[in-house]
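Here is a short report on one protein structure. Please keep the sequence and the 3D view open as you read.

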Amino acid sequence: AVAATCAEPAVRRGVRALAEPKRSANPDEYSGSSADPDTYSLLEEEEAPAYAGPEWLRCFSLRRNAAAWAARRGGALSCLDGVRVVSMLLVVYGHSIIWGMQGAGYSNIFDILPTDGEGLLATPRGQVIYSAELAVDSFFWLSGFLAAYVTSKIAGVMAARVWVPAAVVHRYLRLTPVYMFVVVGWWKVLRVAGEGALWESLDYEYDLCAKWWWTNLLYVNNLVPFHEPAGCYGVTWYLPNDMQFFLLLPLFVLLHRRSPRAGYAALLLGGLASMVYAWWATIQFDLKIGIASGMDYSLDYYMRPWTRIPPYLVGAATALAYRDAGGRDVVSPRGHTALLLFGLLVAGLAFFGVYPFNQDITEEGVPHWKHVWYITLSKPAWAVALSCLCWPCFYGRGSLIAFCLELPIWEPVAKLTFLMYLLHPAVLDLFFKSNNTQRVTFDEYWWYVVVAGTSCLVAAAALVVHLLVELPCANVMALLLPSRKGAAGRKAPPPVLADDDAPGGPLTRGDSAEIV
């Protein structure tokens, strides 16, 4: 990165300018004649050095990669950046209190746990902690939407036998290098950063990595080992689900190209089949939601692709409908308002519907049939709500929702969310398990500070890895992989993380390295 950055023309000009005597502001004095006032600038342009290194080295240039990260994309789909960042913050919000319980624990644990309607988790604001798991369904919805949006365009100009394997290879190469960099860094490097009994308790997780690391590499760690907790680096259960959904997506896209009605029907049937299985599994395995959920809920429902696919399919259906609309606003102004109101209602019911399940940890307060219906319906309903809320935003009719989701601050952070997801457990391990032997006295305002601080640290760490690892790997892949135009005459790697097909500007990238 240092060598590539120093080889950049702008950096070399800056270094040379610092080494030369200060020039007069008068161009005549500099040129030694009565030259035209533009002589100085012309000389500067003529003397500007060219890039001095090989193109593969330029892939690691910090200047180039920082410019790619800071570049604005905008466009009709910019509201998706807000969805992405808010979802990531919800993940940190929920995990921060869980990691505290996994560490030394809290000396006043019953100020948190619900007992007879008392405790943080029994309050309406405490439901945000439980419902933060819906953030993962937001990621699935985003992944389905953007992947279907991009592949439906490619399917119109390339044969399936070409673009389907090419898309799979591209996705694998785009995700895997930085994914394994983080996993191996946590497993082999971060382990020396702490000490003490709590830190040594991570040895069990390191042993799992030694045994099951290859399942991460093959994106099957949500299935292997089958009825045990996730193997190496537990939070990565999400990535194999997303990859497996992507492998199925071309079937729906190709069917939709042949017959739009058949494509939508297939998506609907796939979602309904998943929901029927979730309904059956909740009864068969006596699964419960909220404070009563246990390991069975995680192993038989939470990590399995056949139960988590409905939000992905809803996102894909929304993207195909948006493609079919062809940029035309097919919904009336009143229809957009109705979509916003309906989306808010459904999102509120899904998000806070878990409240009755979390009033007392010591007793069964809710009949099991309510657990059955909430587990079956909540995640698909959340995805439908996202579609209803985002559709008006695509056409500039999102009102306050669009204002909140399209804030300019979201865009640069949205490019980091994949790495934020991968890195946040390591940061929480350092905070709660490194050199920590004393129980923490929980205070709600202290916890909010922890969440804010952790979010900032995770974003900073993600930016470093984004610039030094993720973008360089993406640049190298773009330089090496063949393109339709061919590699001849290419002077630089194609722009990183940029798509050119979205109404009103560049597409909010359909690459799952940002979708997460």
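## A salt bridge across the chain

Glu-411 and Arg-72 meet through their side chains in a salt bridge, with 3.0 Å from N to O. The pair links distant parts of the chain. Glu-411 sits in helix 21, residues 410-414. Arg-72 sits in the loop between helix 6 (62-70) and helix 7. They are 339 residues apart. Keep in mind that this is a predicted model.

Are the two partners buried or exposed? Glu-411 counts as buried, because its relative accessibility is 4% and the limit for buried is under 20%. Arg-72 counts as exposed, because its 57% is over the 50% mark.

This pair also belongs to a network of salt bridges. The linked residues are Arg-72, Arg-73, Asp-81, Arg-84 and Glu-411.

## Other salt bridges

How many salt bridges does the count give? It comes to eleven. Two further examples follow.

Arg-171 forms a salt bridge with Asp-242. The closest N and O atoms of this pair are 2.6 Å apart. Arg-171 lies in helix 10 (residues 160-189) and Asp-242 in helix 13, so the pair ties together parts that are 71 residues apart in sequence. Arg-171 counts as buried, at 6% relative accessibility. Asp-242 also counts as buried, at 1%.

Arg-397 forms a salt bridge with Asp-329. Here the closest N and O atoms are 3.4 Å apart. Arg-397 is in the loop between helix 19 and helix 20 (399-405), and Asp-329 is in the loop between helix 17 and helix 18 (333-352), so the bridge ties together parts 68 residues apart in sequence. Arg-397 is partly exposed, with a relative accessible area of 38%. Asp-329 is partly exposed too, at 34%.

## The disulfide

How many disulfides does a search of the whole structure find? It finds one. The bond joins Cys-209 to Cys-232, with 2.0 Å from S to S. This pair links distant parts of the chain, 23 residues apart. Cys-209 is in helix 12 (residues 203-217). Cys-232 is in the loop between helix 12 and helix 13 (238-258). The link is right-handed, with 85 degrees about the S-S bond. Both Cys-209 and Cys-232 are buried.

Cys-59 is buried, with a relative accessible area of 0%. Cys-388 is also too far for a bond, because the closest cysteine sulfur, in Cys-390, is 9.7 Å away. Cys-388 is buried, with a relative accessible area of 10%.

## Two helix pairs

Two packed helices are described by the angle between their axes and the distance between the axes. Take helix 7 (residues 79-102) and helix 19 (residues 368-394). Their axes come within 9 Å and cross at roughly 145 degrees. Helix 7 brings Cys-79, Leu-80 and Val-83 to the contact. Helix 19 brings Leu-386, Cys-390, Cys-393 and Phe-394. Which classes make up this contact? There are seven nonpolar residues, no polar ones and no charged ones.

Now take helix 9 (residues 134-155) and helix 17 (residues 310-325). Their axes come within 7 Å and cross at roughly 40 degrees. The crossing is right-handed. Residues of helix 9 in the contact include Phe-140, Trp-141, Gly-144 and Ala-148. Those of helix 17 include Tyr-312, Gly-315, Ala-319 and Arg-323. By class, the contact has 13 nonpolar, five polar and three charged residues.

## A buried asparagine

Where is Asn-65? Its place is in helix 6. Asn-65 is buried, with a relative accessible area of 1%. Which residues does Asn-65 touch, not counting residues up to four places away in sequence? They are Cys-59, Phe-60, Leu-467, Leu-471, Pro-472 and Asn-475.

Terms used. Residues are numbered from 1 along each chain as its sequence is written. This is a predicted model: local features need pLDDT of at least 70, side-chain atom pairs count only at pLDDT 80 or more; totals for chains, interfaces and linings use all residues. Side-chain values use heavy atoms; hydrogens and water are left out. A disulfide is a pair of cysteine sulfur atoms within 2.5 Å. Helices (H or I, at least four residues) and strands (E, at least two) are DSSP runs, numbered from the N terminus. Buried means under 20% relative accessible area, exposed over 50%, partly exposed in between (1.4 Å probe, protein chains only). Axes are lines fitted to C-alpha atoms, for helices over the stretch in contact, and angles run from 0 to 180 degrees between N-to-C directions. Contact means heavy atoms within 4.5 Å. Ala, Val, Leu, Ile, Met, Phe, Trp, Tyr, Cys and Pro count as nonpolar, Asp, Glu, Lys and Arg as charged, and the others, Gly among them, as polar. A crossing is left-handed if the near helix is turned anticlockwise from the far one by less than a right angle, and right-handed if clockwise. A salt bridge is a side-chain nitrogen of Lys or Arg within 4 Å of a carboxyl oxygen of Asp or Glu.
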